Amino acid sequence: MDRITTAPTQIHYPESDGKPMGETAVHIDALIYLREALRDYFRDDPLMYVAGNMLLYYEEGNPTACVTPDVFVVQGVAKGQRRTYRLWDEGQPPAVVFEITSRVSRLEDLGIKRAVYAMLGVQEYFLYDPLGEYLRPSLQGYWLQEGEYQRLLPGAEGGFVSQALGLELRLENGRLRVFNLDTGERLLTPAEALVARRVAEAEIKQLRAEIARLRGKAEASQG
């Protein structure tokens with residue numbers, strides 16, 4: 001009798017959990033700001049990967065073992081396009097995770113997700129409640145110590161320093177913003193940087209025109 005062999009079943013890891021990127025435009029804006037500003041800041045570091053709203057699978061062979069961080073940063077893995085993040089392929093968990101939280105997602109963000117991130121070894125976990133629905137204060141940070149998250153103490157302005165990223169997180173007019181510790185400047189998204197550059201160029205053009213006008217006026221008076 002011939003032996004019948006069957007090919008191993010290929011496990012499917014979905015690329016979407018079917019949920020929207022954010023609950024409101026405010027949540028989406030916060031997510032996009034963090035993702036794009038951090039990507040731009042670390043653009044020259046080939047081993048600093050920033051992603052957002054992506055399924056992270058942490059147990060090979062079990063597609064139900066996954067979470068979807070709003071924004072996460074991984075140190076030590078190469079940049080590149082990914083459809084999902086599979087921990088067994090990458091070999092490195094995120095160093096930092098951000099969740100743009102709300103009253104609807106609070107049980108998951110403070111319960112299941114927090115436990116999973118601690119288990120995976122995520123060094124820092126930040127929660128931001130842009131609508132102030134339940135978090136007091138609306139920005140909170142945690143640091144992993146001996147497998148458990150401990151609350152970070154805020155600084156003088158109510159912000160937090162991310163030791164993993166070397167950046168400061170704080171609220172500016174109620175909105176989460178990230179600052180360069182060395183320069184004190186706020187991180188911009190590429191779109192924000194383009195607007196700022198255009199404004200600066202317009203101001204320089206206007207200044208040059210004014211200088212030319214004054215110079216012409218001075219020359220005319222001397223003639």
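## Pockets and cores of a predicted model

Strand 1 supplies the largest share of the lining of the second largest pocket, namely 5 residues. The structure described here is a predicted model, and its chain holds 4 helices and 12 strands.

The largest pocket is lined by 22 residues, and K19, P20, D70, E108 and K113 are the ones that lie nearest its centre. Four elements, which are helix 1, strand 3 (66–67), strand 6 and helix 3 (106–120), each contribute at least two residues to the lining of this largest pocket. The table sets out the volume and the classes of lining residues for each pocket.

| Pocket | Volume | Lining residues by class |
|---|---|---|
| Largest pocket | about 410 Å³ | 9 nonpolar, 5 polar, 8 charged |
| Second largest pocket | about 250 Å³ | 5 nonpolar, 3 polar, 5 charged |

**The nonpolar cores**

The largest nonpolar core consists of 26 residues, and within this core L34, L38, F98 and L165 have the most contacts. At least two of its residues come from each of helix 1 (25–41), strand 1 (48–52), strand 4 (71–75), strand 6 (96–100), strand 7 (124–128), strand 11 (167–172) and strand 12 (175–180). Of these contributors, helix 1 gives the most to the core, with 6 residues.

When its neighbours within four places in sequence are set aside, F98 is in contact with L34, L38, P69, D70, V71, V73, F126, L165 and L169.

**The chain as a whole**

Of the 223 residues in the chain, 38% count as buried. Among contacts between residues at least 6 apart in sequence, 57% join residues that are at least 24 apart. The chain exposes about 13500 Å², and carbon and sulfur atoms supply 51% of that area.

Key: Residues numbered from 1 in each chain as written. Predicted model: local features only at pLDDT ≥ 70, side-chain atom pairs only at ≥ 80, totals over all residues. Heavy atoms only, no water. Core = buried A, V, L, I, M, F, W, Y, C linked by side-chain atoms within 4.5 Å. Buried < 20%, exposed > 50% of the residue type's maximum accessible area, 1.4 Å probe, protein only. Contact = heavy atoms within 4.5 Å. 1 Å grid on protein atoms, 1.4 Å probe; cavity = no way out; pocket = protein on both sides within 12 Å on 5 of 7 lines; lining within 4 Å. Points joined across faces, edges and corners; volume = space filled by probe spheres on them. Nonpolar A, V, L, I, M, F, W, Y, C, P; charged D, E, K, R; others polar. Areas by Shrake-Rupley, 256 points an atom, 1.4 Å probe, with all protein chains shown as cover.
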